[in-house]
Amino acid sequence: MLKRALAIITLLIIGYWLAQGLAGVPFGEDKMVVGKYYLEHVKEDTGAVNAVTAIVVNYRGFDTLGEVTVLFIASTGVGALLWRKKKKRTAKTEGSLVLTTGVELLFPFVVLFGTYIFIHGHLTPGGGFPGGATIATAFLLLYMAFITYEIPHRAFEKTEGLAGIGYVLVGLIGLAIGGYFLYDWIWQTWGWGHDNIGRLFSGGFIPIIYTLIGIKVGTELSGIIDNMLKEGVSE
Amino acid sequence: MNVPDISVYYFGAIALVLIGLYAVLVKKNVLKILIGLSIMETGVNLLLVSIGYVSGKSAPILSEGITASNAVDPIPQALVLTAIVIGVATTAMALSAAIILYEKYGTLNVEEIRRLRG
Amino acid sequence: MNCITCIEYIIVALMILSAILAVEWRDLLAAAVGMAAVSLFASILFFMLQAPDVAMTEAAIGAALSGAIVIFAIKRTQRFETEEEEKPGWWVRW
């Protein structure tokens, strides 16, 4: 009881200090300095219409490579912690008739919608990460409906590795053609899509990188779900 | 003691951080502590996006009719896009560690685990 | 009476209420649902702050996948949080 009261008093003091600090940052006023430069030059530097995805992939592409690495380490860590020699699923209740029929009809459309999200990343909101998460949700639906369903684990791991290698290869080709790692060689050296801004075939190498990221994130999150659902069985 | 005058978005984000911190400090079940950690991350992301808001402007997608002086700040949104995905990755790894703890010690109470270890 | 600000107040109040309930409930399955509800209301607030990419990402990852993996962790451990009776304070060593 004493511990709870002490914790609540400490939290109220911390909250009061935070609120006093945030009173000096007025809400809703224009305080952009670097953002204004990015917004004015995004159409001629990158060819994308969506400013946020252009910043994530083109202006700050190296940080996105770091994020993909962190996701890969987390997925490997989950697989290493929960490893057993023989694993199988231990679900007992079969899904109802509505669930199995609905999932069989809906699964290709959910995968199609996820693919649409990451292909049009430079035109509409979204990008690679919500597209990959939607594909992983489609596989989660299949796990929920059928008791003995498993994803083909080997094929998914190989796809994930190849997508990661593809991202680094795109950067190395940029290093060979231009001067620095992740140089946008499609937009700036070859000059494809300069008269097509606002349509699908523009945006430099942003659709290529987002396709690779979408495939990688989708298969990685499905692998995490598969590892957490199986339990070790002793023979 | 004067009450500072902040907007409702700042107040909501600070309240989420404090509720998550209460769960980490006081609760004894390992899964409840991890739920509190995840709520704290949601609060911090909300605070970051609400600092970059400019009132009266619209989303930073420059289609027809929206010029560069009519959009909100795109940089905090790029930061938060990365932070959300990293948050779910670390939550998944921490939950796997909690499963291993349960299989080794038989309980999920942190004080019981401290007593059984020493 | 400006109606956008009253919607903001209502959604922030619902978000804080579901966060308090997610921390207080003893049934861990209900706490996982509360955490998904916090993510959902935060996604609506991101939309009202004119950030559609962040709203989409938070709805897809926070509400669906983060709630699902907490439920899978509950499946492999126990469901209810047992609260022991109050031990004597830290100044009494056993």
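**Exercise 1. What percentage of the 94 residues in chain C is buried?**

Solution. First, the ground rules. This is a predicted model, in which local features need pLDDT of at least 70, side-chain atom pairs count only at pLDDT 80 or more, and totals for chains, interfaces and linings use all residues. Residues are numbered from 1 along each chain as its sequence is written, while chains are lettered from A and ligands numbered from 1 in the order in which they are written.

Step 1. Apply the test: a residue is buried if 20 or more other C-beta atoms, placed from the backbone, lie within 10 Å of its own; 12 or fewer make it exposed, and anything in between partly exposed.

Step 2. Read off the share: 39% of the 94 residues in chain C are buried.

**Exercise 2. Describe the elements of chain C.**

Solution. Step 1. Helices (H or I, at least four residues) and strands (E, at least two) are DSSP runs, numbered from the N terminus.

Step 2. Chain C has three helices and zero strands. From the N terminus on, the order is α-α-α.

Step 3. Now the contacts. Two residues are in contact if their C-beta atoms, placed from the backbone, lie within 7 Å. Take contacts in chain C between residues at least 6 apart in sequence: 52% of them join residues at least 24 apart.

**Exercise 3. Find how helix 2 of chain B packs on helix 3 of chain C.**

Solution. Step 1. Axes are lines fitted to C-alpha atoms, for helices over the stretch in contact, and angles run from 0 to 180 degrees between N-to-C directions.

Step 2. The angle is about 175°, and the axes lie 12 Å apart. Helix 2 of chain B is therefore roughly antiparallel to helix 3 of chain C. The cut-offs: under 35 degrees is roughly parallel, over 145 roughly antiparallel, 65 to 115 roughly perpendicular, and the rest oblique.

Step 3. Name the partners. From helix 2 of chain B come residues including B:Leu31, B:Ile35 and B:Val49; helix 3 of chain C brings C:Val54, C:Gly62 and C:Ile74, among them.

Step 4. Sort by class. Ala, Val, Leu, Ile, Met, Phe, Trp, Tyr, Cys and Pro count as nonpolar; Asp, Glu, Lys and Arg as charged; the others, Gly among them, as polar. The contact has seven nonpolar, four polar and no charged residues.

**Exercise 4. How many residues of chain C are in contact with chain A?**

Solution. Step 1. Count: 12 residues of chain C meet 15 residues of chain A.

Step 2. Sort the chain C side: nine nonpolar, one polar and two charged.
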